[in-house]
Amino acid sequence: MWINDVRVLHIDLTNKKVKLEHRPDLKEWIGGTGAASKLFEELKGHEIPPGDEASPIIFATGPLNGVLPLMTKVVAIYRSPYTGDWGESHAGGRLGMVMAYAGIDLLVITGKAERPVYLVIGPHSVEFKDARHLWGLDVFTTGRLIRLHDKSASGRRSILRIGPAAERGVKFAGVNVDTFRHFGRLGLGTLMGMKNLKAIVVVGDDSTHFGVNPEYTKFYKEIYDLVVGSDLLHKYHDLGTPQNVLPLNNIKSLPTKNMQKSQFEYAENISGEYFADNLLVRKIACSGCQVGCIHVGLLREQFGPEHEYKYTQVSYDHELIFALGSMLETRTAEEVLKLIDQVERLGLDAISSGVALAWTTEALQRGIISEKDTGIKLQWGDTERYLEALQMLAYRVNDFWHLLGEGTMAAAREYGGEDFAAVLGQEMAGYATGPVFYVSQAMGVRHSHLDTAGYSFDQKATEYTPEAALEYIVSEDRRRVVLTSLVSCLFARGLYTWDRIKKGLSLIGYEKQAKHVEEIGDEIRRLRWKLKVAMGFDLDNVKIPKRYFETETFRGKPDPEFTNKLIKMYASHIKEIIK
Amino acid sequence: MAILKVVDVDKCIGCMSCMQACARFRYQSFSLYRAALQVKTRGGISSGFQINTCLGCTEPACAEACPTEALIPRKGGGVVFRQNLCIGCGECEKACPVDAIRMDPEWHIPIVCVQCGICTQYCPHEVIQMVEEVVPHVDK
């Protein structure tokens with residue numbers, strides 16, 4: 001692993017070939033986002049058309065995965081089939097720790113299998129397994145069958161799999177990781193589907209010695225005590241991310257009814273408090289994290305007359321609650337769980353799916369499209385119809401649903417209704433806080449709310465100017481790119497200050513990187529932006545749909561002048577760093 | 001003497017900090033395999049966790065099976081491991097009725113709990129604890 005060596009496992013699905021490469025030089029890029037971006041450039045991933053079978057998928061851990069608490073994530077870098085440019089998605093679960101114990105620092109998957117396969121990867125083995133029997137099955141059934149028939153190392157393995165949406169090429173299909181976590185956004189599932197790769201099982205059964213010494217053990221304890229004994233992570237443990245629902249609603253920042261509104265009269269019903277008091281059954285952690293932010297709700301459903309009941313465990317988070325809740329005016333938490341469960345089974349990206357259905361509902365009401373197109377009548381809050389619509393979307397049942405599966409904006413371009421498509425690079429995340437968030441997502445390198453957290457600036461800034469906003473965005477980006485190279489969970493951004501990052505790196509022999517960590521972060525930013533622009537992202541053509549200027553936010557109705565100025569300044573900044 | 005007990009497994013969040021602590025303190029190792037206790041799911045994460053660990057037997061079958069007395073019964077339950085006497089035969093692994101011992105493929109020694117309790121200091125929910133045996137007292 002990272003500390004002694006850097007091991008890159010290349011798997012070529014076309015020729016069923018495996019190659020192990022030793023690349024200690026990649027340490028210069030720290031790991032995670034940094035090392036994977038560098039490798040992506042070397043493999044000329046940006047020159048291979050999106051969706052081409054040669055298009056590589058790179059999974060990367062970083063030097064601190066498993067070494068310190070909350071260093072739990074894995075970064076995936078690929079060319080997004082959805083945007084055609086930079087694809088980057090992060091997932092938790094067990095994968096990070098398991099890859100560390102499997103001695104695989106970067107996993108590169110190229111080519112396309114002749115027939116559906118799944119991979120079983122261990123510290124000393126790679127198996128290509130027939131997955132024809134799994135093709136067509138939903139995400140949960142796939143997981144169950146793999147667990148049932150592949151008994152290797154229960155508890156020390158991670159299972160990634162895709163569902164029917166990915167098999168059919170829906171451009172925003174995700175990858176499910178260990179039932180409750182995901183590489184959700186920018187179509188990584190789609191790319192696996194194109195490669196006939198149904199699932200990946202990673203077994204982490206090896207041991208290493210990287211100098212487990214008293215100094216390291218002491219630092220681990222220091223961090224551990226902060227995690228369990230301070231308030232730093234309380235929010236994530238207590239109500240979890242859904243604690244955002246009510247505060248956002250109170251300040252006119254909860255995207256509602258396809259962004260027609262920023263407040264939802266039933267917000268209480270779908271709040272973190274309601275979920276926790278009534279539906280929460282347990283919390284789970286990613287391996288290596290003591291927080292336990294994965295909130296699992298109980299979906300209890302009657303399936304027959306008298307007292308016939310079944311129950312399902314569904315993990316919920318703010319983004320899912322907004323996309324499948326307020327955005328569709330879903331009035332109860334129980335219905336939100338039903339919609340989440342459906343999205344999970346089909347292997348869709350929850351955010352994109354909710355926003356796409358919200359646009360479809362409004363387009364139907366405005367008569368831009370008709371029931372003839374959709375084959376179903378959708379109405380705000382009509383969960384049963386939305387459950388059906390999600391199926392139609394995943395299975396691409398007709399021309400309309402096929403096109404919607406290319407993305408909300410792709411459908412809007414064809415039918416009209418671009419003005420009210422809630423798309424900022426990709427379907428929006430759950431913050432109608434103001435123009436800085438809108439710009440930060442529309443221009444973020446992976447169009448994620450987590451790129452630079454513009455929503456936080458909208459809420460907290462005392463000096464609210466485009467200049468101050470850009471400074472904030474850049475400083476967040478600089479630190480986050482380092483965190484995701486370690487690879488840390490971004491919930492630990494308060495825990496891992498620059499000083500603690502440097503200390504952690506020094507303890508494992510990354511003294512040089514610790515010393516220059518800010519500069520390395522800047523290099524990684526530069527590389528990512530260079531590649532994103534090379535793949536076609538047009539800095540001079542960033543558009544914020546009209547809807548965003550019509551709806552109240554915490555900062556009132558966004559001022560077009562402020563917004564456009566920030567876009568221009570941000571674009572100039574990026575042009576400057578990639579020059 | 002106190003014995004490691006899984007007090008309430010349903011509170012486990014699966015962070016695996018206990019396993020990492022065992023490997024780190026007892027074996028100075030970075031490992032999930034090299035941990036005397038094993039956190040697993042019962043059958044997928046939605047089924048909940050189970051923790052397989054040494055039960056601290058008062059008449060330990062592993063010690064009885066050990067031909068070299070590398071493993072001997074510990075006062076209060078469980079075993080004491082004397083590595084210098086171990087020949088790596090693996091009889092203890094076969095004898096354990098709950099599969100709580102695994103042979104280390106590299107070091108040829110059993111990964112076995114010695115009731116040191118370090119794992120319990122890294123459990124955020126006190127799922128595992130060192131517990132003194134308490135015999136219920138009944139008034140006659």
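Modeller: Quick definition before we start: two residues are in contact if their C-beta atoms, placed from the backbone, lie within 7 Å. Keep in mind that this is a predicted model.

Colleague: Is I520(A) buried or exposed?

Modeller: Count the other C-beta atoms within 10 Å of I520(A), and you get 20. The cut-off for buried is 20 or more, so I520(A) is buried.

Colleague: And R181(A), is that buried or exposed?

Modeller: R181(A) belongs to strand 11 of chain A, residues 181-183. It has 25 other C-beta atoms within 10 Å. Since 20 or more is what it takes, R181(A) is buried.

Colleague: How far apart in space are R181(A) and G93(A), C-alpha to C-alpha?

Modeller: In sequence, 88 residues separate R181(A) and G93(A). Still, G93(A) is on the contact list of R181(A), along with A91(A), G92(A) and C286(A). From C-alpha to C-alpha, R181(A) and G93(A) are apart by 5.8 Å.

Colleague: Over to chain B: how many residues on the side of domain 1 that touches domain 2 are nonpolar?

Modeller: Chain B splits into domain 1 (1-53 + 117-131) and domain 2 (55-112). Their contact takes 8 residues from domain 1 and 11 residues from domain 2. On the domain 1 side, 2 are polar and 1 is charged, while the nonpolar ones number 5.

Notes:
Residues are numbered from 1 along each chain as its sequence is written. Chains are lettered from A and ligands numbered from 1 in the order in which they are written. This is a predicted model: local features need pLDDT of at least 70, side-chain atom pairs count only at pLDDT 80 or more; totals for chains, interfaces and linings use all residues. Helices (H or I, at least four residues) and strands (E, at least two) are DSSP runs, numbered from the N terminus. A residue is buried if 20 or more other C-beta atoms lie within 10 Å of its own, exposed if 12 or fewer, and partly exposed in between; C-beta atoms are placed from the backbone. Domain bounds come from an automatic or database domain assignment. Ala, Val, Leu, Ile, Met, Phe, Trp, Tyr, Cys and Pro count as nonpolar, Asp, Glu, Lys and Arg as charged, and the others, Gly among them, as polar. Lists of a residue's contacts leave out its neighbours within four places in sequence.
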